[in-house]
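Work through the following exercises with the sequence and the model side by side. Try each task before reading its solution.

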Amino acid sequence: MAKAFKYGLKGIKGYLEPAERELLRSLFDDVISMLEPEQRANEDPLAALVGLDTEAREPSDRAMRRLLPNVMKNDDDASLEFRRYTERSLRESKIGALKAAALSLDRENLVLTPDDARHWATALNDVRLVLAERLDIRDDADADNVHLMQDWAQAEDVESYLALVYNFTTWLQESLVQAMVHLLDAKGR
């Protein structure tokens, strides 16, 4: 069974069972494949090199819109312009964090440096955003209903299984953030 992340002298430590590691690896891989940009045959290599995507559009998938939101709620044109200049680098940054977190799952002892912890926090957050969208979590009441699902033996359908995975990643992220706060407190002294 997983153990919460804790800050110690050697860094931020955590423990995950092999099945939990594989679950997280699968979740990270799923979000990576969602974020990977489409390969276009007619793409301008210079534009790609500097991160410009002249064909960027607001995603149609709601989970992708949570990962790559519009920056201005009431100005679609300005949001689209901003997206064209920033979306590629945002995708690459998120993919990098997800891959770094996945790589650390290969180590038997899960000891995170501050950089590792930031990658994990980003990766877990992105996984939770996708799961929250798939579970249709819109407010605190929706989240409270999802948190009622705590017993793996009760998982009878995809939604209850996703709720359990969401709760697991939420718990893991909360323990990580608490360990990161302890790290900051220790460095501030």
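**Exercise 1: Salt bridges**

R107 counts as partly exposed because its relative accessibility is 35%; buried means under 20% relative accessible area, exposed over 50%, and partly exposed in between, with a 1.4 Å probe and protein chains only. The model is predicted: local features need pLDDT of at least 70, side-chain atom pairs count only at pLDDT 80 or more, and totals for chains, interfaces and linings use all residues. Residues are numbered from 1 along each chain as its sequence is written, and side-chain values use heavy atoms, with hydrogens and water left out.

Step 1. Apply the rule: a salt bridge is a side-chain nitrogen of Lys or Arg within 4 Å of a carboxyl oxygen of Asp or Glu. Side chains of opposite charge can pair when their charged atoms come close.

Task: Describe the salt bridge between R25 and E22.

Step 1. The closest N and O atoms of R25 and E22 are 3.4 Å apart.

Step 2. Helix α1 (residues 18-35) holds both R25 and E22, which are three residues apart, about one turn of the helix. Helices (H or I, at least four residues) and strands (E, at least two) are DSSP runs, numbered from the N terminus.

Step 3. R25 is buried because its relative accessible area is 19%, whereas E22, at 46% relative accessibility, is partly exposed.

Task: Which residues are linked with D136 and R138 in a network of salt bridges?

Step 1. Begin with the pair itself: R138 and D136 meet at 3.0 Å, N to O.

Step 2. R138 has a relative accessible area of 44%, so R138 is partly exposed. D136 is partly exposed as well, with a value of 40%.

Step 3. The network joins R62, R66, E133, D136 and R138. By the salt-bridge rule the count comes to 15.

**Exercise 2: Rings**

Task: How many aromatic pairs does the structure hold, and how is the pair of F28 and W120 arranged?

Step 1. Rings of Phe, Tyr and Trp (its six-membered ring) pair if their centres lie within 6.5 Å; planes under 30 degrees apart count as stacked, over 60 as edge-to-face and the rest as tilted.

Step 2. There are three aromatic pairs in the structure. In one of them, F28 and W120 are edge-to-face, at 5.7 Å centre to centre with 85 degrees between the planes.

Step 3. This pair links distant parts of the chain, since F28 is in helix α1 and W120 in helix α5, 92 residues apart. F28 and W120 are both buried.

Step 4. F5, F28 and W120 are linked into a cluster by ring pairs.

**Exercise 3: The nonpolar core**

Task: How many residues has the largest nonpolar core, and which have the most contacts inside it?

Step 1. A nonpolar core is a set of buried Ala, Val, Leu, Ile, Met, Phe, Trp, Tyr and Cys residues joined through side-chain atoms within 4.5 Å. In soluble globular proteins, nonpolar side chains tend to be buried together.

Step 2. The largest core has 47 residues, and those with the most contacts inside it are F5, I12, L16, L24, F28, W120 and L176.

Step 3. The elements that each supply at least two residues of this core include α4 (76-104), β3 (110-112) and α7 (158-188).

Step 4. Contact means heavy atoms within 4.5 Å. Not counting residues up to four places away in sequence, I12 touches several residues, among them F5, L110, L112, L176 and L183.
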